[in-house]
Amino acid sequence: MGLGAVSTTTIAGVAAIRKGLALPIGSLTQMGTIRLGRRTDARSPKIKDFVPVAGLPDIVFGGWDIFEEDCYAAARTAGVLEPALLDQVRGEMEAIKPMPAVFDQRYVKRLNGPNVKKGRNKKDLAEQLIADIRGFKEKHGCSRLVMVWCGSTEVFMKEGPVHQSLAALEKGLEESDDAIPSSMVYAYAALKEGIPFANAAPNLTADVPAMLELAARTKAPVAGNDMKTGQTLIKTVIAPGLKARLLGVRGWYSTNILGNRDGEVLDDPESFKTKEESKKSALDYIFQPHLYPELYKDLSHVVRINYYPPRGDNKEGWDNIDLVGWLGYPMQLKINFLCRDSILAAPIVLDSALFLDLAKRAGMFGIQEWLSFYFKAPMHAKEVYPEHDLFIQLMKLKNTLRYMKGEELITHLGLEYYD
Ligand SMILES: NC(=O)c1ccc[n+]([C@@H]2O[C@H](COP(=O)([O-])OP(=O)(O)OC[C@H]3O[C@@H](n4cnc5c(N)ncnc54)[C@H](O)[C@@H]3O)[C@@H](O)[C@H]2O)c1
């Protein structure tokens with residue numbers, strides 16, 4: 001969903017990896033291993049050999065966008081990958097032409113494009129998407145599908161009455177309720193078809209009771225929200241470390257400069273608000289200020305994103321952390337991450353699609369908390385807080401794979417080695 005920088009980098013990447021032109025660096029499903037049994041057993045197969053995730057040669061990509069450019073042209077516009085690499089996968093990229101989108105500029109103010117569906121109401125638009133999905137499936141002879149929203153960040157929205165039950169949502173679709181943004185129309189179409197759905201962006205999409213009711217009914221797994229790529233990835237690596245050593249934090253100032261289309265969309269305050277909420281939640285949960293008020297209670301956490309065209313997709317993140325140590329003595333930590341947004345995002349799109357497909361085959365549905373590892377604002381059950389610590393998330397993910405295969409879970413207790 002959305003053939004922008006992230007999608008085209010994922011698709012071109014998979015094509016290049018299939019041809020042996022590059023390595024799937026950053027992908028747990030492709031390069032990760034999993035330890036089984038005791039440390040002395042020396043059993044650490046690759047994850048892709050341990051669980052039957054779909055193989056890269058078996059994947060077919062399709063998508064929707066408001067622009068008519070094919071996937072090759074869109075990748076050139078995004079400017080993430082070198083033309084020399086793109087040219088080696090040009091044929092298969094050009095064959096992917098975006099289907100007309102469900103789009104309404106009210107939800108993404110900085111964009112407008114010609115490749116947009118018309119319909120009587122949002123229900124009609126959802127039905128058109130379902131027809132696209134079925135047509136795609138048949139045309140390519142696919143046995144299973146997954147949908148990942150890689151569209152632009154929509155304006156900030158709060159859960160309202162129309163999101164509370166499937167009946168209310170379906171009525172809202174018929175009445176084209178304003179509280180149903182375009183992304184929800186896609187999520188509805190996917191879940192209605194029992195297709196696993198992931199939200200790579202922070203917008204309010206599948207994470208509402210109505211969608212979860214639908215997912216439970218059609219047995220569709222869901223994951224999200226907002227991929228954990230640059231600054232937040234580093235934040236959820238560093239913060240658990242500071243917390244582990246009980247170092248206090250008075251302030252954490254994060255700023256980013258980026259110049260891609262995502263940056264342009266986020267330049268609109270309403271889209272930025274959605275991103276800001278998503279980016280800000282991690283520290284609160286990791287530091288647990290209610291348990292450690294002396295260390296983290298009044299932490300000032302500021303997040304800024306600045307649209308700066310010369311940088312394109314090569315984002316620069318700056319973090320300044322004001323720490324406090326023994327007896328209250330202040331210290332500072334500065335992090336300057338010169339990252340590449342879509343290069344960090346592509347393996348997440350691939351892994352979450354493959355794991356969601358696996359989950360569906362394993363009979364799992366609804367929120368897949370074990371995929372929190374990939375997301376900035378992980379979906380979670382109402383009664384628990386989300387887990388943001390990257391290392392706990394990874395443990396949870398791997399233990400879920402062990403659980404699926406009937407292997408012993410690893411607790412890291414390790415007393416057995418000293419009996
Ligand atoms: N790159 C990262 O590191 C990263 C990390 C986390 C989240 N995200 C999110 O992923 C999303 C995609 O990022 P990107 O860099 O590829 O952005 P992008 O602007 O390059 O691509 C988004 C694409 O979605 C299309 N689009 C928007 N609304 C649509 C609709 N209703 N229907 C069909 N197409 C639609 C746009 O035309 C555009 O081509 C953004 O929401 C971004 O915030 C990206």
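## Helix packing, domains and ligand shell

Helices α1 and α15 pack at an angle of about 70°, with their axes 8 Å apart; axes are lines fitted to C-alpha atoms, for helices over the stretch in contact, and angles run from 0 to 180 degrees between N-to-C directions. α1 is therefore roughly perpendicular to α15, a term for angles of 65 to 115 degrees, with under 35 counted as roughly parallel, over 145 as roughly antiparallel and the rest as oblique. Helices (H or I, at least four residues) and strands (E, at least two) are DSSP runs, numbered from the N terminus.

This is a predicted model, in which local features need pLDDT of at least 70, side-chain atom pairs count only at pLDDT 80 or more, and totals for chains, interfaces and linings use all residues. Residues are numbered from 1 along each chain as its sequence is written.

In the contact (C-beta atoms, placed from the backbone, within 7 Å), Ala5, Val6, Thr9, Thr10, Gly13 and Val14 of α1 meet Asp341, Ser342, Ile343, Ala345, Ala346, Val349 and Leu350 of α15. These residues divide into 8 nonpolar, 4 polar and 1 charged. Here Ala, Val, Leu, Ile, Met, Phe, Trp, Tyr, Cys and Pro count as nonpolar, Asp, Glu, Lys and Arg as charged, and the others, Gly among them, as polar.

A second pair is formed by α7 (residues 122-140) and α9 (residues 182-192). α7 and α9 are oblique to each other. Their contact is made by Lys122, Leu125, Ala126, Leu129, Ile130 and Ile133 of α7 and Val185, Tyr186, Tyr188, Ala189 and Lys192 of α9. By class, this contact has 9 nonpolar, no polar and 2 charged residues.

| Helix pair | Angle between axes | Distance between axes |
|---|---|---|
| α1 and α15 | about 70° | 8 Å |
| α7 and α9 | about 50° | 9 Å |

The domain assignment, automatic or from a database, gives domain 1 (5-227 + 343-404) and domain 2 (231-338). Their C-alpha centres lie 26 Å apart. The contact takes 25 residues from domain 1 and 26 residues from domain 2. On the side of domain 1 that touches domain 2 there are 13 nonpolar, 6 polar and 6 charged residues.

Of the 35 residues around the ligand, Gly2, Gly4, Ala101, Ala201 and Arg261 come nearest; a residue is near a molecule if its C-beta atom, placed from the backbone, lies within 6 Å of it. Two or more residues of the shell come from each of α1 (5-18), β1 (64-65), α12 (261-266) and α15 (341-361). α15 gives the most, with 4 residues. The shell divides into 19 nonpolar, 11 polar and 5 charged residues, and draws at least three residues from each of domain 1 and domain 2.

Key
Contact = placed C-beta atoms within 7 Å.
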